[in-house]
Number of protein chains: 6
Amino acid sequence: MKLSARNALKGKVLEITKGQVVAKVKVDVGGQSITSLVSVDAIEDLDLKVGDEVSAIVKSTEVMIAK
Amino acid sequence: MKLSARNALKGKVLEITKGQVVAKVKVDVGGQSITSLVSVDAIEDLDLKVGDEVSAIVKSTEVMIAK
Amino acid sequence: MKLSARNALKGKVLEITKGQVVAKVKVDVGGQSITSLVSVDAIEDLDLKVGDEVSAIVKSTEVMIAK
Amino acid sequence: MKLSARNALKGKVLEITKGQVVAKVKVDVGGQSITSLVSVDAIEDLDLKVGDEVSAIVKSTEVMIAK
Amino acid sequence: MKLSARNALKGKVLEITKGQVVAKVKVDVGGQSITSLVSVDAIEDLDLKVGDEVSAIVKSTEVMIAK
Amino acid sequence: MKLSARNALKGKVLEITKGQVVAKVKVDVGGQSITSLVSVDAIEDLDLKVGDEVSAIVKSTEVMIAK
């Protein structure tokens, strides 16, 4: 299955913090850290654990540029 | 000025493609490429050019995880 | 590959309209129509054509409720 | 009042889970389930309850395609 | 119809610029200007014109804070 | 540092509500209130307090229009 989202950054899960509905996932992407807020359901559905090899996926319309 | 968005990935502008209203910007981030869709106004306001050192900024709610 | 996005609605591509940078894709999802704006690159990368069986994917943070 | 968001999928509230700040709402849309993360304030403001007839609203820029 | 999005800023359309697929709308909100990128279909569907009284609607998950 | 996001509305923090992972921030923008959902990390990183002068930042692709 290919996805239209243009950004898929390979990395490793550093940290997972679960709230009641939302969870925070930190991913190391080539030395830079990316933070994702996803539903707790997603954490369980993907059986996500620290150390997992994952991709951080972002739709290009959601990326801003700062200069 | 500090921003609440948790993700600021340092990189260099590889490519800019302007449409009438929207522009596509490709940024090299540590060997992985990020694509951003922003308004043409933003390209002109930031005087964005290929080779510029920039940050690709993403709010953590917009980042998905794939495993 | 499993994705954290909670919404994947199965459907069929009805219509594709390409701009210079952005393209509009209409998908029939069980009798209701969904419109997606993605990059033209994505259309070409997925070799997307009218009639294709696809999923419309939406992160749960992007879904609003009206009552 | 008409909204520019192109996607309004009619359905029925299946489930509501409230956190401290964010709530999860599951909506049955023609046999497929949609998950929305909204603020707890919104749940109270709309007096949202299981069984309510609602629309799940998504801006077209937020819809990805997978093939 | 009430919407879960928490932000509805009343204002007046200042400017509309149509591309092939996406349009830019500038709205004056109490002296500050807001820019929206929506589909051209939405402009036509809402019969949007300069001078129209409108609301600029934003889901709270999409608002960042800078300090 | 300039940001591609087109919308930066100046205002003052009215209220901060912290959950475990996500926090709600209400900002008074020229008499109209804006609600933002950001990570708790961001609140701490910006040392955000009621009464602070801030900007509410929104990417133009995330702004809808209602008429």
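Buried area is the accessible area (1.4 Å probe) that two parts lose on being put together, summed over both. The views below come from a predicted model.

**Figure 1. Chain C and chain D bury about 3000 Å² between them.** Carbon and sulfur atoms give 60% of this area. On the side of chain C, C:Q32, C:I65 and C:K67 contribute 23% of what that chain buries against chain D, more than any other three residues. The contact involves 35 residues of chain C and 35 residues of chain D.

**Figure 2. Chain C and chain D are related by a rotation of 180 degrees.** The rotation superposes chain C on chain D with an RMSD of 0.0 Å, and the shift along its axis is 0.0 Å. Of the interface residues of chain C, 100% are also interface residues in chain D, so these copies meet through the same surface.

**Figure 3. A salt bridge links C:D52 to D:K67.** The closest N and O atoms of C:D52 and D:K67 are 3.0 Å apart. Two salt bridges are found across the interface of chain C and chain D. The same interface holds 18 residue pairs in polar contact, with both residues at pLDDT 80 or more. Two or more residues on the side of chain C that touches chain D come from each of β1 (7–18), β2 (22–29), β3 (32–39), β4 (53–58) and β5 (64–66) of chain C. Among these elements, β3(C) gives the most, with seven residues. Sorted by class, that side of chain C has 18 nonpolar, eight polar and nine charged residues.

**Figure 4. Chain B can be laid on chain A by a turn of 180 degrees.** The shift along the axis is 0.0 Å and the RMSD is 0.0 Å. The two copies are thus related as by a two-fold rotation axis. Of the interface residues of chain B, 100% are also interface residues in chain A, so the copies meet through the same surface.

**Figure 5. A:D52 and B:K67 meet in a salt bridge.** Their side chains are 3.0 Å apart, N to O. Across the interface of chain B and chain A there are two salt bridges, and 18 residue pairs are in polar contact, both residues being at pLDDT 80 or more.

**Figure 6. Strand β4 of chain A pairs with β5(B).** The pairing is antiparallel and extends over three bridges, with β4 of chain A spanning residues 53–58. A:I57 stands opposite B:M64 in β5(B).

Technical notes
Residues are numbered from 1 along each chain as its sequence is written. Chains are lettered from A and ligands numbered from 1 in the order in which they are written. This is a predicted model: local features need pLDDT of at least 70, side-chain atom pairs count only at pLDDT 80 or more; totals for chains, interfaces and linings use all residues. Side-chain values use heavy atoms; hydrogens and water are left out. Copies are superposed by least squares on the C-alpha atoms of residues with pLDDT of at least 70 in both. Contact means heavy atoms within 4.5 Å. A salt bridge is a side-chain nitrogen of Lys or Arg within 4 Å of a carboxyl oxygen of Asp or Glu. A polar contact is a pair of N or O atoms within 3.5 Å; within protein, one must be able to donate a hydrogen and the other to accept it, and residues adjacent in sequence count only if both atoms are side-chain atoms. Two strands pair if DSSP finds at least two bridges between them. Helices (H or I, at least four residues) and strands (E, at least two) are DSSP runs, numbered from the N terminus. Ala, Val, Leu, Ile, Met, Phe, Trp, Tyr, Cys and Pro count as nonpolar, Asp, Glu, Lys and Arg as charged, and the others, Gly among them, as polar.
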